[in-house]
Each structure stands twice: as structure tokens, then as C-alpha cells.
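Hi,

Here is the structure I promised to pass on. Have a look first, and my notes follow below.

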Amino acid sequence: MIEDIFSFLPYSLEKKQKKDFLLQELKSLTTFHQEHCEEYAQLLKSFGYVNKEYNSLEDFFALPVRLFKHYELKSTDEVIKTLTSSGTTSSSVSKIFLDKPTAMLQTKALIKIMQNFLSKERLPMLILDTKAILKDRKKFSARAAGVMGLSNFGRKHIYAFDENMNLDVDAILEFQESYKDKKILLFGFTFMVWKYFYQELKKHNLKLSLDKGILFHSGGWKKLQEEAVSDQTFNKAITQQTGIKKIHNFYGMVEQVGSIFVSCEHGYLHTPNFAEILVRDPLTLQPLAFKKEGIIELISIIPKSYPGHVLLSEDRGIIVGEDDCQCGRKGKYFQILGRLKEAESRGCSDTFEGK
Amino acid sequence: MQILTPDINTIKEIRLPKMTREPFGEDVLQFIDRLSKKLRKEPKYREFEELVALGFWLRSSNILKLKENFFNKHEKSIVFPRGIVFHIAPSNVDTIFLYSFVLSLLVGNHNIVRITQNHTPQIEPLLDLVVQELKNYNKLYSSTILIRYGHEDEITQELSKHCDVRVIWGGDRTINHIRTLPIKPTAIELTFADKFSFLALNLNNIKLDDSFFEKLYRDSFTFMQNACSSVKALCFIDATQEQKSIFWRDFKEYVLQKAPQLEGKNQIDKLIALSSLAIEKKRELSFDTYVSYISLGNLSEIDEQKHCGGGLFYEIDIKNLTELFMYSTKKHQTLSIAGISKEELQEALKTTNPQGFDRVVALGKAMEFNATWDGFEIMSSLCRVVDVDI
């Protein structure tokens, strides 16, 4: 059944079809994880989800994402790959265990989605990062994994920064010259694209003409928000400095494979056939209507090796609509508005907290 | 860094008199009385419960009681202020610095008070008031260093060199960190570590009315259950399942009406805490908007670390207070009690030698500050006693 979903275009299912499909899949995944992951079964028991009737996607137990930092949750003994979160802001990292079938589904999901935004042929690729991240085995992190993952969609890879994260101007200009007027692919992490690519180009007064370039960027809006750079500012500035017009943002998290949300030409993130988004009230955790701001819950039918099919994130967002985005893609489309505010710890326990 | 009093710009300029003042001096009593009156009467302070509570605590009848107790206690000994006291108060209970400062001022010490840089609606008017009132008393003004700074070790280190007593109002990490910065060999330190607090209750002797729930609400939801004395664990003596169900149902309803200001992250923190406890203790729980609880099998399943505040309760059945006292550790601070007689309490205290609990109070009083705190008689601890044998 899951396999079938990949024979369609990734943004093709309409509301009713999608709901029926996801509901069936989630029910069987929930039963599967209940039988194969002891901790998950205990959670369902303690939170009163045993013998629960699931009539809608909102009825499932949403596992708080942070739990993956504290427990090694898995539903398989045949782990072939362990993903870890970058863990830049916290000392502990999430550990996500994949077996072969789940890893394959994850790859398929990514291919399906990327092909929707790119052509099927591999494009010359400029990676907005340093090659050094691949060398350092200890730091083979989410960052390296992200670069590796996206590299599959390109060819003739060139890295834009040297080991010290300085702009490799010669390499970039040579790349531009070689693929003049050709479609090219660029990828980098949002903050680095901004700081080490855009700002450096600007500092060197260097304008590029990558008019047919397609830029994908992901992760780490937090730092940019601190610098008060909005989505629109980002896109506009990049276009001005580099000529790139097609700019797509990714939203997703290592804790949920298959949930790859890419922003369309109109700036909205889209849910593919095999994933879904719900928004919940931050206080009551009840599901909210479209256009209401709340906590993002993520649903994906890909995680079978670990109980990550329904997750409660700590991100705020709104669902803008469903099936009717001007870009033509079906499914819900949404926006991320940032992280939940740190609960103001009003107690006597942290004189020097934050140190 | 900002020095609020006196008129100096850098910590290098700090000069404090060698001579201390006499305990309960007239100018200090006046200063405190003026603070108290303003805090209780002026609308700009009255809107903050914490400031009103502070004003109430500073009222002259209470201060005179402190004076009487102090002199009674030291009637037969000779005591002097220790000298210079450096107070390091937490960044999120805005009023602690003042309680600490006032107790030290009363016994005659000079003070250096570190104040957080967090700007909150209640701390700003309070600071303005303190500075303005201090200006009326030249000697107090020039010998009180109110300094506002963040986490700069260099400043803490420099100020630590001056003091004869360093008072650190937690938490554990802060205490451990600040202890790496030396004080004079002759100086001493008072530390208030992270603590965890309980309510023991016997439902057979309690009427579950609004007055009862108001007290419970105050003792748990003030400071969003993050204070050391906030009730976090409920120990039921001799209660049936049905009695407990009714109790929780009614408490939930009461808090729902009160609708305390919880934030989004708080709910997630509670979910994480409850999920972790569910996985580790395999117990039943109830997750709700305001009041969530997990039924633990026995006292040893209590996990102080995992408790995140914001309306999370541990429910435990105990046979009697003795059981609780036998279990208690140094991490346990306040025991609130309800539906339990004084005799029962005294009997349990007499027959056990509890490791923990620095306070036992009637339900509703957990949040009241007292000059005896965490096992210290704070004023006496800020004095030295001269032994005379001639």
C-alpha cells in the first residue's frame, strides 16, 4: 500500500482521498509500533489510548519530539542507519533508528518531492558549504547528511566555501562561466547561505548572474530571525545579488523521515501525499482551524522502524489552506512562524541560567 | 553593568565603611517602614501580588517581632554583624533580593546586592523605590551597593573579594559555579539549593470547598509551581480511589476557573515529563490543560529532576507522616499539611529523624517567606558571636 503512493505525483491526493489513505496507514502503524516498541506501548497505555477508536487524523497520540533526545525508541532490531539531530542548541541529540525498508522509503520520498521541483536529470550543483564537513567523521552530522542527501540530485559538485568558510570566489566564477544559461542546482543551510554566501558576495561587491539557478535551503531560521531577516527579505536579497529566482525552503526534522515540506513559488510549504500537518492550540492542545496560529503536529507514514509517525513539534505555524494553493499542488499548505517561546521559568532555581 | 547605588561608576570605586551599624538601628527601621507603606498603598505597586506580599512582610509589626526574637535569642551572648554581605539573588523571583538585603540590613551589615538584568514589570518600580528611599538615609545609601549585571564572572569575583558573607539564592548549578570563585578565608557562605516540596493530606478530615482549593492553588500555582516551596507532590493518607478521583475532579475544575497564565512550552514540558515518567515508572496518568498528575507507586518513585512545574503533580499514597519523614532527603524543603493534627505531626517528628524538610506549614502558607529559611536563622547567620570567658 505504501509503495503505491509513490506511483502518483507527490502532491496529487485531494482532501478526502488523502485523509482516508493516511487514516488507514496511521492505524496500522500505531498497532505495529504498539506491538514492537515497548516504550510506545506504555505511552499509549498511560495516556489512555488503548482501545481507542481512531476516526480522524487528530485522534492519534502525538509523541513530543524532544522525547527522542531522552529515549532510544525503535520498533525494529535491524537498524542499518542511525540519524542524529544537529543539537546545536542543546547538549543532547535525538537518535533516530532506520532499518532498510524505512531508509529506502525515505530516499524514495525525497526523490519524489525533489523531482517535482527539479527535472529528472541531474543538474550541475554548487554546494553552499565547505567540503571539510565531509572529512570530519566526528562531525558527520545533520549538516553533512543534508549535503550528502541533496548531492544526489546534482552532478559536477563544486563547494562554494573553503575549509575556513571563506568564499571561494574563483571556483564560483568558474562554475558560473561553465554553465552559463544552464539550469543549475544550489543547496545550503539557510543561515550559512545568508551569512557566508550572500553577505560575503555583497561585501566583495560581487554580483552573480545565476538566472537559471534553483536554490534549496533548509534549517535554522532561528538565527536569521534574531537578525530580523524575514523569508521575503531573504529571497529578495538573494535574487538581487545572484540572479537566482527559484528559491525553495525546506521544513522538516530529523525525527520524522518522510516529512519533507518544500516551499512553492508562492512561498508556502506543502504537504506531500504521505505526510500531513495539524496545528494545535498551545494551551489546550486541541486541533485548530486553518489560519489559526498554534503548535505544529507532523504526520508521516514513512517511519516504520521507530514510532515517529505522529509527532508534536515545538514549532509554531499556521495552515493557510488545502488543495487550493495557486501553485496547483494539492494538499495542505502552511507557514512556520518560529519556535515556541521558552517557558518563562518563574522560580528560584536559576540565578545564572543561560550561562 | 550598572551601579544603582551609591554614586559610583565602577566596582573599583567601591569603598565600604569598616565599622558596621548597630542591629535594628532607627534609620533602618524607618527606611523599611517607608518601603512597606508605599508598597502596600501606592497603586503602581499594588497591582503586583509579589510586591504587596513583600510590603506586608515589611510592615513594622512583623519587623518588631523579628527584633524581639533576635534579641531574645541573643540575650545572653554578644553578637556583632559580620561586616559586608554579598547577596546573589535569582533572576526570576524578583523580590528575593530585598528579603535577603533587609534581613542583613536589620542586623547591621553593609550590603552588596546583585540584581538581575532581566527587566520585569514588577522589578523596575521596586528598584526605583528602593533607590529613591535609600537616598533619604545618607549612611545607608553610601554603604549599600545595588549593582545590576548579567553573568559576568569577573564582576562576581571582584565583589566576592569584598564580602564577609556570600549569600547565594540557588539554584544548584549557580551555587556550584559561584563556589569556584573564591571568597576571603574568613568569609562564610549561605547557600539555598534547589528544593522540592510536598503536601500531605488526609481527605477524611477535609472539606473540599473553594477555601481549601484556593489554598492549594496558591501553594502550587504561584510562580507557576517553579518555586522551591511550591507543592509538587501530594501524599494522600488513608484515601480511597474514589475520594482521590473526586479530589482531582474538583481541583481541576477550580483551576480551570482560575485559568492561570501557562505558556505553550509549558504544556510540552509537562507532556515530556509525563511521558518520561510513564516510560520509566509504567504508571497511570492524567493529562489536562491546567492540572496534570501521575500516580506513583510509592515515595521512592518521586523524580524531582523531571518535575517541570506549570501544573504537574505527583500522587502518592502513604500510610502516615512517619513514612514520609523516613523517606525525606536534603532536597526536600516545605511540607504543607492539611487534615492532619498537630499531635500527629509532632509524634511523627519525634519518632523519626528526618533528613529533609526545613518547614512544615499549614496549607496556604507555603509561599510565605520567613526569616528562618532552609534551616538557617538568616539574621543570626549574618552575625558573629563573641565568646567571653573571664
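How many residues of chain A are in contact with chain B, and how many of chain B with chain A? There are 32 in chain A and 41 in chain B, where contact means that the C-beta atoms, placed from the backbone, lie within 7 Å.

Before going on: this is a predicted model, where local features need pLDDT of at least 70, side-chain atom pairs count only at pLDDT 80 or more, and totals for chains, interfaces and linings use all residues. Residues are numbered from 1 along each chain as its sequence is written, while chains are lettered from A and ligands numbered from 1 in the order in which they are written.

Back to the side of chain A that touches chain B: α3(A) gives the largest share, four residues. (Helices, H or I with at least four residues, and strands, E with at least two, are DSSP runs numbered from the N terminus.)

Now for a sheet in chain B. Six strands line up as β1-β5-β4-β3-β6-β7, an open sheet with mixed pairing; strands pair if DSSP finds at least two bridges between them. β1(B) and β7(B) are at the edges with a single partner strand each, so one side of each has no neighbour in the sheet. Inside it, β3(B) and β6(B) run parallel, joined by four bridges, and His87(B) has Val167(B) as its bridge partner in β6(B).

Helix α6(B) packs on this sheet, touching β1, β4 and β5 of chain B. Its direction makes about 50° with that of β1(B) (axes are lines fitted to C-alpha atoms, for helices over the stretch in contact, with angles from 0 to 180 degrees between N-to-C directions).

Cheers

Technical notes. Contact = placed C-beta atoms within 7 Å.
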